[in-house]
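Visitor: I would like to learn how to read aromatic pairs, cores and sheets in a model. Please take them in turn.

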Amino acid sequence: MAHLEKARLDDLNVNQIITTLQQKGYRLINNGFNPQLDKDEYDFVVTFRHSYQKIDADHPTNDFPVEDLRKIGTQTVHYEGARTKTPIDNETQVEINRTLIYDQVEKKVIKDND
């Protein structure tokens, strides 16, 4: 997608292309374009990678609210058999957290610890 062939430098606005790709979720790794070079034709490489977003209860989004990323439950241990020395039930709050990795280019979850 970010690979361009046989484009004339006069027709090429590299900064605009970089900005557009960054808005689509790409992360600029290396910009090998040098607008100061006084050549009619030369090769250059601009390298991008997908940007990823970690989504969890501390970093929710509109699509993934805290309620979907953190669940609170109660764990109860019930004891029996010691007659009058049987301890009372032991209740503990349990927090279960979900973490997602979201690909900002493909607009989808690529990893879910659910």
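Guide: Start with Tyr26, which is buried, with a relative accessible area of 14%. Buried means under 20% relative accessible area, exposed over 50%, and partly exposed in between, with a 1.4 Å probe and protein chains only. The model is predicted, so local features need pLDDT of at least 70 and side-chain atom pairs count only at pLDDT 80 or more, while totals for chains, interfaces and linings use all residues. Residues are numbered from 1 along each chain as its sequence is written, and side-chain values use heavy atoms, with hydrogens and water left out.

Visitor: How many aromatic pairs does the structure hold?

Guide: Rings of Phe, Tyr and Trp (its six-membered ring) pair if their centres lie within 6.5 Å; planes under 30 degrees apart count as stacked, over 60 as edge-to-face and the rest as tilted. The structure holds 3 such pairs. One of them joins Tyr26 and Phe48, edge-to-face, at 6.2 Å centre to centre with 75 degrees between the planes. Tyr26 lies in strand β1 (residues 26-31) and Phe48 in strand β2 (residues 46-50), so the pair ties together parts that are 22 residues apart in sequence. Helices (H or I, at least four residues) and strands (E, at least two) are DSSP runs, numbered from the N terminus. Phe48 is buried, at 14% relative accessible area.

Visitor: What is the geometry of the rings of Phe64 and Tyr102?

Guide: Their centres are 6.4 Å apart and their planes at 65 degrees, so this pair is edge-to-face. Phe64 lies in the loop between β3 (52-55) and α2 (66-69), and Tyr102 in strand β6 (residues 100-103), so the pair ties together parts that are 38 residues apart in sequence. Phe64 is buried at 18% relative accessible area, and Tyr102 is buried at 15%.

Visitor: Which residues make up the largest nonpolar core?

Guide: In soluble globular proteins, nonpolar side chains tend to be buried together. A nonpolar core is a set of buried Ala, Val, Leu, Ile, Met, Phe, Trp, Tyr and Cys residues joined through side-chain atoms within 4.5 Å. The largest has 8 residues: Val14, Ile18, Leu21, Tyr26, Phe33, Tyr42, Phe48 and Val105. Helix α1 (residues 14-23) gives the largest share, 3 residues. Apart from this core lies another, of 6 residues, among them Ile55, Phe64, Leu69 and Tyr102.

Visitor: What is the strand order in the open sheet?

Guide: Strands of a sheet pair through backbone hydrogen bonds, either parallel or antiparallel. Two strands pair if DSSP finds at least two bridges between them. The open sheet of 3 strands runs β3-β6-β7, with antiparallel pairing. β3 and β7 (108-112) are the edge strands, each pairing on one side only. β3 and β6 pair over 4 bridges, and Gln53 has Tyr102 in β6 as its bridge partner.
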